[in-house]
Amino acid sequence: MNATTQTELHHLSNTHLDALEEETIFILREVAAAFERPTLLFSGGKDSLVMLKCAEKAFGAGRIPYPLLMIDTGHNFKEVTDFRDSRAKELGAELIVRSVEDSMKKGTVRLAHPGESRNVHQSVTLLEAIEEFRFDALIGGARRDEEKARAKERIFSHRDSFGQWQPKAQRPELWTLFNHKLQPGEHFRVFPISNWTELDVWQYIAREKIALPSIYYTHKREVVDRRGLLVPVTELTPPKDGETVEIRDVRFRTVGDITCTCPVESDAATPEQIVIETLAADVSERGATRMDDKTSEASMEKRKKDGYF
């Protein structure tokens, strides 16, 4: 496997990563210059870690000029939240964590039933954090190749005073001219790695030797096959009657709330091996791993209009 991987990678160019990195660094600096109270959304996932690496290059280690913000559902994988905390501490960055559980205690979030996924309710907690800290720009790691609604986003995506996204009222972005103008109460969502793909991210992780939470790589896990998805067996996602629990070699292509994030079968243990797997993938990472995106074609767009990142 290693010999095959090295041979295939030898013929795979990554020179385009320099241009992508340069664009991302430019956008991160533009946000620092144009806004008074920006923040960088940091989940501990691979995309936010790539952005954090670019931010280090943009400003220097220990000098990132905005705090890191995490909206925690309370149902995140422990490997990821532990990695998030250690990476923020290592960088000496300010980490702000706001929890959906706090919104539930305040009564601003009400679950339809105890087993309902909290993922969609992050929008409420996020908007509360924006109001609390008066953030005027939120930098996130969404990419256009992930999902149809995200493909519609501008790099500087305007949100109205209700935190809502209006797809038909987006501002033009010609060359690198971004419109930063805001009315009171409005803010921007900024996507510096919009033009990256999943393959670009993994090539960059391999090139820059970026450390990731362990669950991104192959490990053994109890799962059940549910409508083509490998659902992890946990206290939050127990097997249903009639389902067979299996132990498989899996990894996570994306990480999120346990109740809606699934791994894929894989024996890839290094970024280089994942690059080769990604070359052969014919389903997007969200399409292959996210239960909440399978409710309808418009599910993500509806959530984004309501304030979801």
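In which loop does Gly 141 lie? Gly 141 is found in the loop between strand E4 and helix H7 (148-151), where helices (H or I, at least four residues) and strands (E, at least two) are DSSP runs numbered from the N terminus. The structure is a predicted model, in which local features need pLDDT of at least 70 and side-chain atom pairs count only at pLDDT 80 or more, whereas totals for chains, interfaces and linings use all residues. Residues are numbered from 1 along each chain as its sequence is written, and side-chain values use heavy atoms, with hydrogens and water left out.

**The chain as a whole**

The secondary structure of the chain comes to 11 helices and 10 strands. Of its 309 residues, 53% count as buried, a class that means under 20% relative accessible area, with exposed set at over 50% and partly exposed in between (1.4 Å probe, protein chains only). The chain exposes about 14,800 Å², of which carbon and sulfur atoms supply 51%; such areas come from the Shrake-Rupley method with a 1.4 Å probe, and for residues only the protein chains shown count as cover. Among the contacts in the chain with a separation of 6 or more, 73% are accounted for by residues 24 or more positions apart, contact being defined as heavy atoms within 4.5 Å.

**Gly 141 and Asp 47**

Gly 141 is buried, with a relative accessible area of 17%. The C-alpha atoms of Gly 141 and Met 51 are separated by 6.9 Å, although the two residues are 90 residues apart along the chain. When residues up to four places away in sequence are not counted, Gly 141 touches Asp 47, Met 51, Glu 146 and Ile 193. Asp 47 itself is placed in helix H3 (residues 46-59) and is buried at a relative accessible area of 11%. With the same exclusion of residues up to four places away, Asp 47 touches Gly 141, Arg 143, Glu 146, Ile 193 and Val 201.

**Aromatic pairs**

Rings of Phe, Tyr and Trp (its six-membered ring) pair if their centres lie within 6.5 Å, and planes under 30 degrees apart count as stacked, over 60 as edge-to-face and the rest as tilted. By this rule the count comes to 11 aromatic pairs. One of them joins Phe 156 and Phe 188 edge-to-face, at 6.2 Å centre to centre and with 70° between the planes. This pair links distant parts of the chain, since Phe 156 is in strand E5 (residues 156-159) and Phe 188 in strand E6 (residues 187-190), 32 residues apart. Phe 156 and Phe 188 are both buried. The rings of Trp 196 and Tyr 204 have their centres 5.1 Å apart and their planes at 85°, so this pair is edge-to-face. Trp 196 is buried at a relative accessible area of 1%, and Tyr 204 counts as buried at 0%. Ring pairs also link Phe 26, Phe 35, Phe 156, Phe 178 and Phe 188 into a cluster.

**Helices H2 and H8**

The axes of helix H2 (residues 16-34) and helix H8 (residues 198-208) come within 11 Å and cross at roughly 95°; axes are lines fitted to C-alpha atoms, for helices over the stretch in contact, and angles run from 0 to 180 degrees between N-to-C directions. That makes H2 roughly perpendicular to H8, a class that covers 65 to 115 degrees, while angles under 35 count as roughly parallel, over 145 as roughly antiparallel and the rest as oblique. In this contact, His 16, Leu 17, Asp 18, Leu 20 and Glu 21 of H2 meet Asp 200, Gln 203, Tyr 204, Arg 207 and Glu 208 of H8. By class, the contact of H2 with H8 has three nonpolar, two polar and five charged residues, where Ala, Val, Leu, Ile, Met, Phe, Trp, Tyr, Cys and Pro count as nonpolar, Asp, Glu, Lys and Arg as charged, and the others, Gly among them, as polar.

**Loop residues**

Most residues other than glycine have a negative phi. Arg 134, which is not a glycine, has a positive phi of about 55°, and Arg 227, likewise a residue other than glycine, has a positive phi near 55°. Their positions and accessibilities are tabulated here.

Ser 117 lies in the loop between helix H5 (100-106) and helix H6 (122-133) and counts as partly exposed at 21% relative accessibility. Leaving aside neighbours within four places in sequence, Ser 117 is in contact with Asp 257, Thr 259 and Cys 260.
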